[in-house]
Amino acid sequence: MRLTVIGTGYLGAVHAACMASIGHDVLGVDVDIEKITALAEGRPPFYEPGFDEVLTQALASGRLRFGTSLREAAAHGEVHFICVGTPQQAGSQAADLRYVDAVVDGLAPHLPASCLVVGKSTVPVGTTARLTTRIAALAPLGVRAEVAWNPEFLREGFAVEDTLRPDRLVAGVTSREADETLRRVYAPMLEAGVPYISTDPNTAELVKVAANSFLATKISFINAMAEVCDAAGADVVTLADALGHDTRIGRRFLNAGLGFGGGCLPKDIRAFAARAQELGVGPAVEFLDQVDEINQRQRTRTVALARQMVGGDLTRRRVTVLGATFKPNSDDVRDSPALAVAIALQRQGADVRVHDPEGTTNARRAHPELRCSTDLLTACQGAEIVLHLTEWGQYREVDPVKLARVVREPVLIDGRNALPHDTWRAAGWTVKALGRPASSARPSDAQAREPLRATIASPATEPDRAGAMAPAMPTNMA
């Protein structure tokens, strides 16, 4: 089938390449010329494991190309996927739909024939109905453009896998024809046994925000328990393990630590709460405000813990933050808890160095005042405290004995509860994490030290990210 994918950020670019890889003729469209040029040349403008291979193969097949014209998109597609961003409105918790509207306004007048317009962006419930009216008013006489909603459930770092082998497909449609069209689009997935849920658009729109809200609630619940554990002298990891054996609860996402971030989850739960208020059912989701508050409090608690562990004053203290991205296997620093903590430490007078395997370019762009490095040795040299804040696999491979010989003081805050604490303590480190029992005694100052040999290989040259989306068409991914 002939598909267009409008918006080529994490969601759109991956969706376009994967749809081409399963046999569709795909045109990706974006207003960002640099990004389109990079994609057309097979250069991913962001870091996403496995995406470069899928992109290269799709381009070589001749089934994938990129452009900047919505008029060209209208002429090309039988199905048009909207994959632009829905950021939080300035001064409000509500979602900003101007970019979705801009796509519809630019596409509809040029439609040459009836087609299906499919939203994948995360939107407030009722958006499909509103866009249906908008397109009907703008499309040429005699052209029927039906709107459906097919929410995305991609995880950054697993976007290719989640596109080609999703755990479910949800289609919000108003006709049998639209449902059949989407079944044709996703035929290889359906043949592989992927569950396909056909429903009305309102339910489909709610599925994504409900899923994000449930996930955020589970994360904030265990972080609230971590705060109780700190007060009671209990261990939140053991608590989570015990809870996880209950099949009604499960262990996944019961990992206490710094909390969630990124360009989607925080703003999506706020937008959901705002939409519920508009619908007159705000009290039903008031708990999301507490979920958000708990999540934000983890950042301030981590800063307070760091200040306590260096003697109560961060002024001129050398601090190393391990992690800049909001999660591992990504270069995305939007609403990164790690960067938020790094900035807060710096504002309290600390000399902060940030290390990240993939995110330093974007971190420097977002916060040029921070010192960022892709070299672990450089970042940790002379540190009086090290904070592990993004759960990259490389950090679990660090030899704490060798690292202790580089830092000034072997003091660690494991903000993700992901490192082997006993191993670090045996190497002489004072270790603390939110919700965990107090660390062992500080090591002797007489401990021998020697230069650290590289225990984390420096990553290859970082991708030349094309930058933020132009105002008319930002990107979006959960």
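This is a predicted model: local features need pLDDT of at least 70, side-chain atom pairs count only at pLDDT 80 or more; totals for chains, interfaces and linings use all residues.
## The crossing of helices α10 and α11

Two packed helices are described by the angle between their axes and the distance between the axes. Helix α10 spans residues 201-232 and helix α11 spans residues 236-244. Their axes come within 9 Å and cross at roughly 135°. Angles over 145 degrees count as roughly antiparallel and those from 65 to 115 as roughly perpendicular; α10 and α11 are therefore oblique to each other. The crossing is right-handed.

On the α10 side, the contact is made by Phe-221, Ile-222, Met-225, Ala-226 and Cys-229. The α11 side contributes Val-236, Leu-239, Ala-240 and Leu-243. By class, the contact of α10 with α11 has 9 nonpolar residues, with no polar and no charged ones.

Strands of a sheet pair through backbone hydrogen bonds, either parallel or antiparallel. In this model, 6 strands form an open sheet with parallel pairing, in the order β11-β10-β9-β12-β13-β14. The edges are β11 (371-373) and β14 (430-432), each of which pairs on one side only. Neighbouring strands of this sheet are turned against each other by 20° on average, direction ignored.

## The pairing of strands β1 and β2

Strand β1 covers residues 2-6 and pairs with β2 in the parallel sense over 5 bridges. One of the residues involved is Leu-3, whose bridge partner in β2 is Val-26.

Is strand β2 mostly covered or mostly open? Strand β2 (residues 25-29) is mostly covered, as 4 of its 5 residues are buried.

Is Thr-127 buried or exposed? The relative accessible area of Thr-127 is 3%. Buried means under 20% relative accessible area, so Thr-127 is buried.

Which residues does Thr-127 touch, not counting those up to four places away in sequence? The contacts of Thr-127 on this count are Leu-97, Trp-149 and Glu-205.

Note on methods:
Residues are numbered from 1 along each chain as its sequence is written. Side-chain values use heavy atoms; hydrogens and water are left out. Axes are lines fitted to C-alpha atoms, for helices over the stretch in contact, and angles run from 0 to 180 degrees between N-to-C directions. Helices (H or I, at least four residues) and strands (E, at least two) are DSSP runs, numbered from the N terminus. Angles under 35 degrees count as roughly parallel, over 145 as roughly antiparallel, 65 to 115 as roughly perpendicular and the rest as oblique. A crossing is left-handed if the near helix is turned anticlockwise from the far one by less than a right angle, and right-handed if clockwise. Contact means heavy atoms within 4.5 Å. Ala, Val, Leu, Ile, Met, Phe, Trp, Tyr, Cys and Pro count as nonpolar, Asp, Glu, Lys and Arg as charged, and the others, Gly among them, as polar. Two strands pair if DSSP finds at least two bridges between them. Buried means under 20% relative accessible area, exposed over 50%, partly exposed in between (1.4 Å probe, protein chains only).
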